[in-house]
Structure formats: structure tokens, C-alpha cells
Amino acid sequence: MRVFLRRTAALLVSAVIASFVVFAFLSVLPGDPAEVVLGTNAGTQELAALRHSFGTDRPLVVQYADWAQGLLHGDFGVSYISHDAIGPRIGDRLGVTCWLALGGMAVAVLFALPAGVLAAAWHRRPAGAVLSAVSQAGIAVPAFLAGILLVYVFAVRAGALPAGGYTPLAEDPAAWARHLVLPCLSLGLVQGAVLTRYVRSAVLTVLHQDFLRTARARGRRQWPALWRHGLPNAAVPVLTVLGLQLSTVLVGAVVVERVFVIPGLGDLLLQSVADRDLLVVQGVVIVLVVAVLVVNVVTDLLYHLLDPRLRSR
Amino acid sequence: MPSSRTSPLPGRRGGTFIARRPALTAGGILVTLVLALALLSLLWTPYDPTHVDAAQRLLPPGGGHVLGTDQFGRDVASRLMTGARTTVFVGVVAVGFAVVIGVPMGLAAGMSGGPLSALLMRVSDFLLAFPALLLAIMLAAVYGTSTLTAMVAIGVASAPGFARVARAATLRVMAAEYVDAARLAGRTRTAIALRHVLPNIRDVVIVQASVAFATAVLAEAALSYLGLGTPPPTPSWGRMLLDSQELLFSRPELCLWPGLAVAAAVLGLNLLGDGLRDRFDPTLEGVR
Amino acid sequence: MEAGGTPLVRGVGFTVGRGERVGIIGESGSGKTLTALALLGLLGEGLRAGGSARLAGAPFDLLGAGDRELSTVRGRLAGMVFQEPMTALNPVMRTGAQVAEALRLHGPRSERPGRDAARATAVELLGRLRLPDPARAARAYPHQLSGGQRQRAVLAGALANDPALLICDEPTTALDVTVQKEIVDLITGVSDERGTAVLYISHDLALVASVCHRVLVMHDGRIVESGPVEQVLRQPEHPYTQALLSASDLSVPAPRPPAPAEPRTLLRARGLTRRYARPRRGLLGPRAHFTALEDLDLELRAGARVGVVGESGSGKTTLLRLLSGLDRPTSGTVENAAGDGPRDGAPGSGLQVVFQDPMGSLDPRMRVRDIVAEPLPDRRSPAAADRVAELLADVGLPAEAAGRYPHQFSGGQRQRIAIARALAPRPSVLLADEPVSALDVSVRAQVLDVLSRVTAERDMALCIVTHDLGVVRYLCDEVVVMREGRVVERGPVERVWEAPGHPYTRQLLDAVPVLR
């Protein structure tokens with residue numbers, strides 16, 4: 001309970017610092033939104049007027065306070081370029097990216113748990129070496145490359161799945177699923193390969209620990225001993241990696257969205273960068289950063305739940 | 001106390017280096033190949049990698065162009081070689097930056113312990129929330145895209161990894177009795193850092209560098225693919241993938257070459273890292 | 001038995017009768033643990049055992065059987081207890097559940113106890129093994145128990161189904177002597193009471209002699225001698241057994257140097273106290289302290305040989321760190337006639353330390369010559385090289401050793417290197433922290449003799465901190481017995497051994513197994 005409170009407090013502090021860093025980064029550094037909108041040869045008066053309407057002529061501290069206060073109510077401000085409210089736009093896109101990230105993680109876990117455990121249990125046999133080699137090769141493939149390859153095999157050659165695009169779940173669940181299969185696979189298989197290696201090494205470590213031998217000396221057979229005693233212990237380090245990976249997947253979705261032309265957060269982010277629509281960039285980045293921070297804290301708490309040695313502290 | 005642990009397996013004696021260290025050998029070969037291509041491209045490429053020639057568009061492999069040409073009539077093989085240079089350049093600078101920032105921080109935190117150590121862990125935890133890709137996008141939004149922003153982003157994002165690894169290794173060394181012995185021998189803290197800590201954490205840092213380099217190659221490719229890395233016309237593997245993606249229906253092999261190049265470089269670096277880790281593993285020391 | 005074609009254990013044959021206790025004696029690498037593991041099919045991957053092993057009640061050869069068959073033997077007909085109690089239990093599972101596991105795995109399915117019944121029996125078992133508050137211990141996770149308590153829990157699991165054979169692999173090596181005595185008494189008690197046969201593996205001759213009826217001596221993967229304990233200890237036939245016996249026997253003290261006429265006081269500690277802050281419980285809670293050492297006085301004179309004895313947690317290592325200046329006392333003073341403790345950057349302080357772990361106290365990346373020269377002011381000079389050669393010769397190492405790295409030496413040799421380094425700056429006080437507890441019996445006496453000789457030749461004060469009473473008896477004139485941060489007794493070794501004044505000293509002396 002104390003750990004929970006402490007971590008949550010730390011999360012809040014981190015989030016505030018993060019919002020400040022992101023704000024400072026995108027505001028203090030060169031690049032005046034008014035100049036971006038009007039072009040460099042605009043008149044001074046016009047610029048001043050626009051700055052006033054954006055509020056960028058106020059002191060930075062005031063601007064930050066204003067922006068941060070808005071964030072608390074889910075108000076991300078109004079885009080300098082398109083003049084719409086940013087909050088709802090981010091909201092729409094966030095759902096898409098979440099589906100993608102969760103699907104990717106599901107693929108990764110479903111692939112990595114059995115593959116990693118088997119690779120460890122068979123580490124002296126050819127089958128284990130093959131599993132290790134496959135995961136090693138998988139790590140070397142960037143997600144967007146995996147996406148391109150999957151598109152080639154399943155969309156171009158087989159024509160079985162769409163090469164890109166997105167349909168909202170509410171509109172047509174079947175089409176939604178069909179559009180998400182390839183993106184989730186390309187995110188998930190690569191992360192799965194990474195995860196496999198961590199699962200393998202965690203299980204391998206556990207395999208050589210004394211308590212497994214003690215359990216077998218009590219009459220547990222090899223596999224049940226691994227299942228009952230080994231895996232709960234291997235889960236502890238694997239969980240940490242899993243948390244880190246969820247963050248990676250969330251950000252990696254940015255690239256995969258580009259491959260499959262999916263209107264998610266990443267698409268919005270890249271579009272805003274291209275338009276130099278800094279307030280939107282600021283909004284999306286803070287959402288992603290806070291998401292990563294939350295994931296890290298949740299992992300940390302689960303870690304404490306799983307390991308009694310940490311719990312009693 | 002005398003232990004009667006199961007005695008370690010005798011090391012696999014005999015056999016060639018390749019047979020004994022397959023990961024190290026394969027990784028070494030792949031990495032050397034990429035480095036050699038990058039260096040060679042400084043002196044010579046079959047064609048000018050940026051020369052656009054409408055008459056030479058999309059030539060098949062063979063003939064004058066070993067791997068054919070792309071939709072602008074540029075020689076794919078030459079672009080691949082120059083792309084290796086971009087990759088190596090970005091990787092070396094980014095990892096170098098991360099080492100220079102991260103290792104001294106980790107070393108200082110590990111040796112001093114207490115509040116500084118805790119602060120460093122907080123900072124590195126915090127930096128973990130800013131992956132290379134996000135940093136690069138923020139930098140690109142402000143400064144526009146360039147190789148420099150990509151290198152800085154990747155470097156900053158990799159530094160916490162080095163700090164953590166160096167700190168953990170330093171803590172292990174500082175707990176060793178030989179450090180106590182060195183203090184009793186009258187060594188100063190600086191001397192202990194240089195004579196005992198650095199040599200003993202070197203291996204972990206090298207392994208981490210190899211892993212970070214692989215991550216840098218992946219990040220650089222992703223950034224170029226998103227149009228946030230090295231701007232055209234300078235060839236980069238990620239950009240080549242982006243350009244060839246639209247030809248996936250007609251000329252899929254154009255995607256294959258840069259894809260293979262990225263995968264080979266990353267695979268090589270990861271294998272090298274694994275191989276070095278095994279080689280440096282202190283539990284294997286003295287067995288051989 | 002072989003690993004990857006290299007034989008590790010050869011031609012080992014023996015029997016253990018009902019109610020009989022057989023000991024296997026050997027040093028590290030002798031193959032004694034492998035032999036025990038092979039019996040229950042618990043060898044690591046890559047190791048294969050050939051031959052045959054039969055156990056009453058099991059209708060098959062243990063060495064040829066598969067995991068399914070063997071799992072019916074393990075925990076039911078034969079139980080096993082391992083060396084390291086700290087890691088032998090699953091850290092994320094309650095202790096009681098692990099003991100109960102043994103009960104729920106054997107016998108016909110219909111007769112197996114339910115979860116609750118097994119838990120209740122487990123608590124009962126823990127109580128029989130004299131765990132204080134067994135119900136609470138059963139609910140605890142292993143990290144909440146002490147080493148001795150964990151070993152009782154492992155033992156409870158091994159004995160749960162009343163096995164015909166109990167295999168013990170150095171079950172008390174990691175424990176304090178007083179705890180060792182309790183565990184060993186439990187094992188012999190169960191064996192006498194229920195007729196359980198015991199196969200007891202240890203490096204400690206005296207311990208095996210006090211536990212077992214019969215003993216097998218293993219060396220280099222072979223049994224070199226076997227027979228009733230009395231016979232093997234009184235009339236050892238094999239030269240290895242004879243050597244082992246004389247090396248284990250530290251009851252005849254090392255030759256003492258003549259005491260200097262008017263010994264100078266070299267080191268004086270007054271009222272040494274060291275407290276460590278515990279992490280705060282809650283933001284506003286009081287800062288808790290743990291007192292590792294309280295109000296200790298100690299004086300070291302030239303030529304003195306003082307042994308500080310205590311079990312884990314007695315504060316003896318803290319004392320050593322305070323005396324050497326590696327740590328500072330919370331209160332109290334250390335006066336060092338030869339200069340203060342190491343201020344960072346200051347030259348040698350006239351006091352040096354030989355540490356416990358001869359692997360950990362030598363930097364693996366440095367050559368022996370650099371290690372030994374480290375405390376010298378002019379490390380690179382030719383004079384330093386000469387001094388290193390002289391020191392290596394003094395501790396009995398060849399001159400070529402200077403160019404090699406620590407991992408190329410055996411444990412005993414490494415400890416000699418550490419001694420050479422400690423002697424390099426010509427200190428007047430030598431402190432030694434468990435200098436031989438990481439070494440095999442056969443080199444133990446040699447290293448102690450080196451220590452004894454070099455300190456005598458230089459008229460140094462020697463202070464040894466150890467859990468091993470035998471070492472103190474062998475080397476020291478004066479003994480300080482510590483418990484929980486305080487001195488309980490001190491005096492001349494002879495007097496304390498013959499007439500211990502404090503009950504704890506008596507308990508400690510009683511707990512040490514003695515060769516008859």
C-alpha cells in the first residue's frame with residue numbers, strides 16, 4: 001500500500017516534469033507559431049496580432065500554467081493551423097493506437113511465452129537452438145520492415161488481407177479485425193522475438209536454481225517442477241521487460257501506422273510535425289510520455305505484488 | 001567454506017575458434033562486412049549513388065547494375081553502400097555520445113552511492129519515458145529533419161542504458177574486497193576508479209555498446225523511413241525502404257536489399273554482443 | 001559417471017544399511033556431491049551416470065530409471081537435503097506449502113491428503129523439527145526465515161514421507177556451529193528413532209566422525225578408503241586419508257614466537273560502537289538503528305596473536321573494518337601507533353588486512369606483480385620489483401607467479417598472494433578476516449603456517465577474525481568471544497578452552513565437532 005502511494009506520487013511528479021520538459025522544448029526553442037502560419041515575410045503588426053490571439057506573447061510561465069491547467073481537464077488547446085480543438089482529435093486517434101498496441105502485445109506474448117520456455121528447456125537440443133536462432137533473427141527485423149514483408153506476402157501475393165487503411169470497430173467489426181491483423185503481427189512478432197530471449201534467459205536462470213532441485217528431490221517431476229516453481233520465479237524479471245515493451249510498442253505504433261496508413265496517434269504526430277503544428281505535437285507527445293510513465297509504474301507495482309521479498313519491505 | 005557444488009563442466013576444448021564461438025564469429029563477420037562496405041563507399045562506389053537518370057529507370061539486376069536501379073534510375077548497389085556509411089556514421093556518433101555521457105555518470109553514481117546514485121536512477125527512469133523515436137520527432141518538429149537531430153536523439157535515448165549498466169557494474173566492483181585492499185594500500189578514489197573500476201566494468205560497457213549500436217541502427221532506419229532522419233538525396237537504408245515500398249507490387253526485390261542490409265547489420269551487432277558477453281562471462285573465467 | 005566424455009567419478013561402490021549412517025568425505029572436486037545427485041537422478045544436463053544403484057522398496061535400478069519412475073522414489077523412499085539453505089526454497093512460495101508439497105505428491109491419488117490436511121501436517125512436521133512457532137513459519141516466505149530455519153524446512157520436506165534413506169549434502173556448511181549442532185542432532189535423532197539410513201556428505205572429518213558409523217573417503221572421483229569411522233580415523237591406510245587427517249587436526253598449536261621483552265602497543269581501540277541506520281518506516285517514523293558493535297575495547301601489542309571469534313551477526317567483521325579504518329565508528333576511537341587508518345590517498349598505515357575470499361580480494365584484471373606492489377609507494381621502480389620477488393618467495397610462491405593473473409592460481413595460492421600484498425608495506429599490524437574459511441582442509445594448515453611464520457619473523461601483531469574455533473586454537477594466544485555486537489568473554493586461549501567462563505562460550509565449544 002505504501003509502495004502504491006509512493007509510486008503514484010512519483011508518477012505525478014514525473015508527469016509534471018515531463019509536461020514541463022515537453023513544453024519548454026517545443027516553446028523556448030526557435031520557431032514562432034505565428035511566423036509559421038503567416039510565413040517569414042509577414043508584417044510586424046499582423047504577427048503581433050496573431051501572437052496575441054494565440055497567446056504566445058504572454059510570458060512562458062503563464063503559457064505553461066495555462067496549457068498544463070487545460071491538460072488536467074483534457075483541454076489540449078486549439079491548433080494554430082487547423083483551428084480545431086486538439087483534445088478530441090487526440091482522443092479519436094488514441095483509441096486506434098491503443099488497439100494496435102494491445103494487439104501487438106498479445107501477439108508478442110502468445111508467441112514468446114511458449115517459445116521462450118521451450119528454448120530454455122531444450123537449450124541443449126537442436127530444437128532449442130533453432131528457436132533461439134529464429135528469435136535472434138526476429139530481433140534484427142525492424143517492425144516497419146516486418147510490416148512491408150507481411151504486406152507483400154498476405155496482401156500483394158495472397159490478396160487475403162488489406163494492405164492498409166482502417167475501419168472503426170463500431171462500423172464493421174469484421175473489417176476492423178481484418179485491417180488490424182497485419183499491423184498487429186508486424187508489431188508483435190518483432191517484440192515477441194525480443195521477449196522470447198528474455199523469457200528464455202529468465203527460465204534458464206531458474207532452471208539452474210537450487211529450489212528447483214529441492215522440489216524435484218521431494219518428488220516433483222521435471223516439467224511440473226518447472227511449471228509450479230520455475231515459472232512463477234521467471235515471471236518476475238519477464239514482467240519488467242513486458243512493461244518496457246508495452247512502451248516500445250506504443251511508440252513503435254507510430255511507424256507501423258505509417259506503413260499501413262492507419263489514422264492513429266502516430267499518423268497525427270507525423271502530420272503535425274510536417275505542418276509544424278507545434279501545439280498538436282506537444283499534445284500528442286505528452287499523451288505518449290504519460291502513457292509510458294503509467295505503464296512503468298503499473299509494471300513496478302505488479303513486480304512488488306509478484307515478489308514477496310519486495311512486498312514485505 | 002569448501003563447497004561441494006557440482007563441478008563445472010569442462011570447457012569444450014579443441015575445435016577451431018569458429019566452432020567454439022559461433023555467435024562471435026558470425027557477428028564479427030557481419031559487422032566487418034557492413035563496416036567494410038561503409039569504408040569502401042568513401043573511396044569508391046560503382047556509380048554515383050545520387051545520380052538520377054530517367055533513361056535508366058528500374059533496370060533489372062545484372063548487366064551494368066549488379067542490383068539494378070530504382071525508379072529514379074539510381075544504382076541500387078551504390079546506394080546500399082553509401083547507406084551503410086550513413087548507418088555506421090549515425091551509430092558511431094550516437095553510441096559514442098551515449099558512452100561519453102552515460103559511463104562517467106554511472107561510474108560516479110556507483111562509486112559515491114547514496115543520494116547521487118538515487119538521483120541518477122530517477123533521471124534515467126524518467127528518460128526511459130522518452131524513446132529515441134519520440135525525441136527525434138520532437139527535435140525534428142523544432143529544428144527540421146537532419147542527420148544531426150537523429151544522432152542526438154538516439155544518443156540521448158541510449159545514454160541512460162549506459163549509465164545504468166555502468167552503475168550496476170561499478171557497484172559490483174566496489175563491493176569486492178580488492179577495492180578495500182586498494183584503499184588500505186593508499187590508493188586515492190581517482191586511482192581506484194581508473195585502476196580497478198574501469199578495467200573491470202569495461203567488458204559490460206563493450207557489450208552494452210554493441211547492443212546500443214544495434215538499437216541505433218534500427219532507430220536510424222525507422223527515422224529515415226518516417227522521413228525524420230537523413231534527408232534525401234543522401235542515401236540511407238530506411239529511406240530506400242520508403243521509396244521502394246510503393247513498388248512492392250511491381251518490384252518487390254527493391255525492398256529486399258535495404259531490408260536485408262538493416263537486418264544483417266542488427267543481427268551482426270546482436271550476435272557480437274552475445275558472443276562478447278559469453279566470452280567475458282566471469283563464471284567461465286578460469287575454466288579454460 | 002562422466003561429463004562430455006570426461007570421467008568425473010569412477011568405480012564408486014558402497015552400501016548403506018537400514019538405520020546406518022554413512023559419511024562421504026572429500027574436498028571440493030572429489031565427486032562426492034555428484035555421487036549423491038546421481039543416486040536420485042538429479043545430475044545436471046550433460047552428465048551421465050553408469051553402473052547400478054538399488055534402493056529397498058524401489059523395484060528398479062535408480063541409475064537406469066527415467067524421471068517418472070524416479071519421481072516416485074524421490075521424496076517418498078529417499079529424501080535429500082542440500083548445502084545452501086538460502087537458495088534451496090522457492091522464494092515466491094510459502095514455506096509450509098513447500099513442505100506440504102512432498103505430502104501431496106506421493107501414494108495413490110485417492111489417499112493423498114487435501115491441501116488443508118497437508119498444510120496441517122506440514123506445520124506438525126516443522127514443529128517436530130523444533131522450529132519455534134511452526135504455524136507462523138509455515139505461513140512465512142523463505143526470506144523471512146533464518147538459514148537454520150530454512151534448512152529445517154528443507155529437512156521437513158525431505159522427511160515428510162518418512163523415507164528409508166536421507167541424503168545430506170553438506171547440510172550445515174553454510175550455517176553457524178551452534179546451529180550446525182542442532183541440525184545434526186535432529187538428523188541423528190530421526191535416524192535413531194525411525195531407522196532412517198543416512199548418507200552424509202561433508203568436507204569436515206570431525207563432523208562426519210561425530211555423525212556417522214561408517215565413512216568413505218573420496219579423492220579425484222574415486223573412493224580411496226572406507227571402513228568404520230573408528231578404524232579410518234585411528235589407522236588410516238591410504239596416504240591421502242593420512243594427509244587429510246593431519247591437515248584437519250589443528251589441535252596441536254603452531255609454534256609460538258618468543259614474546260618480545262617489552263611489547264609496544266600498536267593499536268588501541270576504545271569504546272568502539274557502530275550503528276547502522278535502518279530505512280525509515282514511513283515518512284515521519286523514528287529512524288531505527290541496528291547496533292552492529294557496542295562499546296568494544298581492544299589492544300594489540302607487538303607479537304600478540306589475538307583471535308576474535310563469533311557467529312554470523314556477532315559484529316566481528318564490523319570490528320575488523322573499524323580497526324582497519326575502512327569504516328568509521330559511530331563512537332569510540334581507534335589509535336594506531338603506526339599512523340591513522342587509510343585516509344584516501346595517504347600512504348600505508350602500518351596496518352594491512354588479509355581478506356576472506358581469495359578470489360574477490362585480488363583484482364582479476366591485474367597481474368600478481370601489480371597486485372603485490374600496490375601498497376608500495378614506488379610501484380613501478382626496480383626496487384619494487386625486487387621487493388615483490390622477495391615477498392613471493394617469503395610466502396612460498398615461485399618467482400614466475402609475478403607475471404600471471406589471479407585466476408591461474410588455486411585458492412590456497414591466491415591467499416598467499418594476498419598475504420604477500422599485505423606484507424609489502426612492512427606493516428606492524430596484520431588483520432585477517434576468515435583467512436582460511438574459503439579454502440580446502442588440506443591447504444588450510446599451510447596458509448595458517450605462512451601467516452604464523454611471517455608475523456613471527458617481523459614481530460607483528462596479528463588479529464584473526466573467524467567463526468572457526470580451531471583456527472584460533474591453532475594460531476592465537478588470546479581469544480575474544482563475541483555475540484551480537486558485544487564481547488562475552490576474553491582471555492588466554494588455554495584458559496578459555498579449559499574453563500570457559502561464559503555459557504555462550506561453553507555452548508560454542510561444545511558445538512564444534514572434535515576428532516577423537
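1. Three residue pairs are in polar contact across the interface of chain A and chain B, both residues of each pair at pLDDT 80 or more. A polar contact here is a pair of N or O atoms within 3.5 Å; within protein, one must be able to donate a hydrogen and the other to accept it, and residues adjacent in sequence count only if both atoms are side-chain atoms.

2. Some ground rules. This is a predicted model, in which local features need pLDDT of at least 70, side-chain atom pairs count only at pLDDT 80 or more, and totals for chains, interfaces and linings use all residues. Residues are numbered from 1 along each chain as its sequence is written, chains are lettered from A and ligands numbered from 1 in the order in which they are written, and side-chain values use heavy atoms, with hydrogens and water left out.

3. The contact between the chains takes in 41 residues of chain A and 36 residues of chain B. Contact means heavy atoms within 4.5 Å. Together the two chains bury about 3,400 Å², 81% of it on carbon and sulfur atoms. Buried area is the accessible area (1.4 Å probe) that two parts lose on being put together, summed over both.

4. How many salt bridges does the rule find across the interface of chain A and chain B? It finds one. A:Arg197 pairs with B:Asp274, and their closest N and O atoms are 2.5 Å apart. The rule asks for a side-chain nitrogen of Lys or Arg within 4 Å of a carboxyl oxygen of Asp or Glu. By class, the side of chain A that touches chain B has 34 nonpolar, two polar and five charged residues. Ala, Val, Leu, Ile, Met, Phe, Trp, Tyr, Cys and Pro count as nonpolar, Asp, Glu, Lys and Arg as charged, and the others, Gly among them, as polar.

5. Now look inside chain A. Its domain assignment gives domain 1 (2–86) and domain 2 (93–311). Such bounds come from an automatic or database domain assignment. The C-alpha centres of the two domains lie 33 Å apart. Their contact takes 24 residues from domain 1 of chain A and 20 residues from domain 2 of chain A.

6. Domain 1 and domain 2 of chain A bury about 1,900 Å² between them, 78% of it on carbon and sulfur atoms. In domain 1 of chain A, A:Arg7, A:Leu11 and A:Leu26 lose the most area to domain 2, together 27% of what that side buries. A:Arg7 also forms a salt bridge with A:Asp300 (1.9 Å, N to O).
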